[in-house]
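Please look through the sequence and the model displayed here before reading on.

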Amino acid sequence: MTTPESQHPGILTPDVTLVILTWISFFSLLIILHRFAWKPILAGLKEREDYIRKSLDDADKVKIQLAEAEIAKGKILDEAKEKANAIIEQSRKAGNELAGQIEGRAKKSAEEIINSAHEEIQGERERVRNALKKESAQTAVSLAEKILKENCDTEKNRNLINQALKDV
């Protein structure tokens with residue numbers, strides 16, 4: 001007697017032809033993929049890897065160049081600061097020298113003005129003294145003249161007046 005189970009294979013029992021066909025299709029697909037897809041995919045991946053590696057190397061070079069540029073910038077800034085400080089110091093010195101020269105000129109001018117004023121005062125004193133002497137002499141002469149007019153008779157008065165005129 002045949003049982004229905006023996007006529008149809010079960011799910012768990014594989015059919016030999018099906019297994020052989022599966023293996024054949026798997027290996028043929030593997031060969032086709034290896035020949036036509038796997039090599040181009042690997043070549044593309046290799047190309048992509050090289051591009052990424054080159055990009056990373058370029059980025060490292062750019063970082064190094066940037067660091068060098070920062071160092072150069074720092075040196076340039078330091079040199080510029082030194083030059084600016086030197087210019088400022090030189091300007092201060094020139095300003096101090098100029099201020100000293102201006103102060104010296106001002107002192108000299110003030111001394112000249114003071115000396116001129118002293119000379120002018122001295123000259124004015126002499127002029128006033130001379131004017132006072134003249135005025136005193138004129139006053140003495142006019143007084144003597146008045147006295148002479150009143151006492152013209154006496155010789156003694158004339159001698160006295162002449163003596164006074166000689167003293168002046």
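The paragraphs that follow take up confidence, overall fold, aromatic contacts and charged pairs in turn.

This is a predicted model, in which local features need pLDDT of at least 70 and side-chain atom pairs count only at pLDDT 80 or more, while totals for chains, interfaces and linings use all residues. Residues are numbered from 1 along each chain as its sequence is written, and side-chain values use heavy atoms, with hydrogens and water left out. The mean pLDDT (the predictor's confidence in each residue, from 0 to 100) of the protein chain is 85, and 88% of its residues reach 70 or more. Among the elements, helix H1, covering residues 4-7, has the lowest mean value at 52, whereas H2 has the highest at 90. Where pLDDT is low, the predicted coordinates should not be read in detail.

The protein chain contains three helices and zero strands, where helices (H or I, at least four residues) and strands (E, at least two) are DSSP runs numbered from the N terminus. Read from the N terminus on, the elements follow the order α-α-α. Helix H2 spans residues 16-150, and the side-chain contacts described below are placed within this helix. How much of the protein chain counts as buried? Of its 168 residues, 2% fall in that class, buried being under 20% relative accessible area, exposed over 50% and partly exposed in between, with a 1.4 Å probe and protein chains only. The protein chain exposes about 15800 Å², of which carbon and sulfur atoms supply 62%; accessible areas come from the Shrake-Rupley method with a 1.4 Å probe, and for residues only the protein chains shown count as cover.

A search of the whole structure finds three aromatic pairs, a pair being rings of Phe, Tyr or Trp (its six-membered ring) whose centres lie within 6.5 Å, with planes under 30 degrees apart counted as stacked, over 60 as edge-to-face and the rest as tilted. One of them joins Trp23 and Phe26 in an edge-to-face arrangement, with 6.3 Å from centre to centre and 90 degrees between the planes. These two residues both lie in helix H2, three residues apart, or about one turn of the helix. Why is the pair of Trp23 and Phe27 stacked? The ring centres of Trp23 and Phe27 are 5.5 Å apart and their planes stand at 20 degrees, so this pair is stacked. Trp23 and Phe27 are four residues apart in helix H2, and therefore separated by about one helical turn. Together, Trp23, Phe26 and Phe27 form one aromatic cluster.

Leu30, which lies in helix H2, is partly exposed with a relative accessible area of 44%. Val19, Trp23, Phe26, Phe27 and Leu30 form a nonpolar patch on the surface, with about 490 Å² of accessible area together. Patches are made of residues with over 30% relative accessible area and no salt bridge, like charges being joined within 9 Å and nonpolar side chains (Val, Leu, Ile, Met, Phe, Trp, Tyr) within 5 Å.

Charged side chains form another group of contacts. Side chains of opposite charge can pair when their charged atoms come close. The structure holds eight salt bridges, each a side-chain nitrogen of Lys or Arg within 4 Å of a carboxyl oxygen of Asp or Glu. Lys54 is exposed, with a relative accessible area of 53%, whereas Asp58 is partly exposed at 32%.

Further along helix H2, Glu70 and Lys73 are three residues apart, about one helical turn, and their side chains meet in a salt bridge at 3.5 Å, N to O. Glu70 is partly exposed at 44% relative accessible area, and Lys73 is partly exposed at 45%. A salt bridge also joins the side chains of Arg129 and Glu126, at 3.4 Å from N to O, and these residues are three apart in helix H2, separated by about one helical turn. Arg129 is partly exposed, with a relative accessible area of 46%, and Glu126 is partly exposed at 34%.
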